[in-house]
Amino acid sequence: AGDPRDADRGMRPDPQFSAQGGDVYDDPVWRRLMRRCVTVPTVLTSLLLLTGLLPLLLPLAGMVDVVRRPRMATRLLCVAWCYLLAETIGILFLTGCWLWTRLIWDRDRRQAWLLRGAALAQMYWTASMLAVFCRLFRLRLDITWDDGQQHVLVGPAVVMIRHCSLFDTLLATPLLSKTHGISLRFVLKRELLIDPCLDIAGHILPNYFVRRGGQRSDREIARIRALAGGIGVRDWGLIYPEGTRASDGKRRRALARLQNGDAGLYARASTYRHVIPPQVGGALAMLEGAPHADVVFFAHHGLEGAARMGALWKGKLFERTIHMRLWRVPRAQIPAAFPARVDWLFAQWQEVDAWIAARAAGG
């Protein structure tokens, strides 16, 4: 969904897409069950195995930390165990919710209870994992709301958030859902379905797991547009416009693609130093699907050291301050014409890049 021209083809939402329960057409029940028959036992077995080996592994990790700086072995071992524990609790909780709802005869009430349970699982899973990372890696969170918190949080919105790390996916749900009661409809990459808790909850809640690569971009964009149709005052959409974790290599490749297209966009994007050019197909599809929604941009700085697991081992995330900035752009300020809207998105992403550059320069 990365070609800017794809978002301007005027496609209608795919009738086989259901915003109340994920991508029915692309991921039928039999395929989900086959995948979960592998991922769920893998998580449960891994937790039992790791728990049984902790009496041996913890002293070994401690000895590694005595002779190595920074001391990351024990921390990473604890992160792995906490992740598997959170996954297991989430799977058991969601299974219990599903069994409980089988006792409810009214279909609407059953669906409402199941959605509520999945939302709670998603919220507390992300909040608990963020708390684990903050405690173990001594992270501090600093949040700036442009024009005040109430200004940013009022009314329906599409959240466009930067993506640079394995862990920036943990920021939005605790901040917006757990703290302020805003439900989020996520556009996520399909590769994340390897996580069974996300797989189960993500298909109960209105989310879409997009196929990347562009072979079926028309259909993918249509479904993102359909997902955005349910956005409301306390039910927002969220998308990562970059489509992948930012890196120098990906930035160069994205610029090379733009160089053969729009010269104006290329000139603007070539000034980016910390972000990669947005893939406007999916981002603008969400705006088309929710013509009543504003846009909330979510920039953050401090997680760049967590782009790879090797960076964690080197301690690049240790004792960092995670700075976050959210600002709201009213719908009236978003151009209606497609070319102007693309230019507007690139300009806003330039603002994200400039803010990150200022934080990086300030240490």
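How many salt bridges does the structure hold? The structure holds 11 salt bridges. The model is a predicted one.

View 1. Helix 8 covers residues 248–259, which makes 12 residues. At 1.5 Å a residue, the helix should span 16 Å. Its end C-alpha atoms lie 16 Å apart, so expectation and model agree. Which residues of helix 8 are buried? They are Gly249, Lys250, Arg251, Ala254, Leu255 and Leu258.

**View 2. The salt bridge between Arg162 and Glu304.** Arg162 pairs with Glu304 in a salt bridge. The closest N and O atoms are 2.6 Å apart. Arg162 sits in the loop between strand 2 (157–161) and helix 5 (172–178). Glu304 sits in the loop between strand 6 (294–301) and helix 11 (309–313). The pair therefore ties together parts that are 142 residues apart in sequence. Arg162 has a relative accessible area of 2%, and is buried. Glu304 is partly exposed, with a relative accessible area of 28%.

**View 3. The salt bridge between Arg225 and Glu288.** The side chains of Arg225 and Glu288 meet in a salt bridge, at 2.9 Å from N to O. Distant parts of the chain are linked here: Arg225 belongs to helix 7 (residues 217–228) and Glu288 to helix 10 (residues 280–289), 63 residues apart. Is Arg225 buried or exposed? Arg225 is buried, with a relative accessible area of 7%. Glu288 counts as partly exposed, at 29% relative accessibility.

**View 4. The salt bridge between Arg268 and Asp343.** A salt bridge joins Arg268 to Asp343. Their closest N and O atoms are 3.6 Å apart. This pair links distant parts of the chain, with Arg268 in helix 9 and Asp343 in helix 12, 75 residues apart. Arg268 is partly exposed, with a relative accessible area of 23%. Asp343 is partly exposed too, with a relative accessible area of 33%.

**View 5. A salt-bridge network.** Which residues do salt bridges with shared partners join into one network? The members are Arg35, Arg36 and Asp199.

Technical notes: Residues numbered from 1 in each chain as written. Predicted model: local features only at pLDDT ≥ 70, side-chain atom pairs only at ≥ 80, totals over all residues. Heavy atoms only, no water. Helix = DSSP H or I, 4+ residues; strand = E, 2+ residues; numbered from the N terminus. Expected span 1.5 Å × (residues − 1). Buried < 20%, exposed > 50% of the residue type's maximum accessible area, 1.4 Å probe, protein only. Salt bridge = Lys/Arg side-chain N within 4 Å of Asp/Glu carboxyl O.
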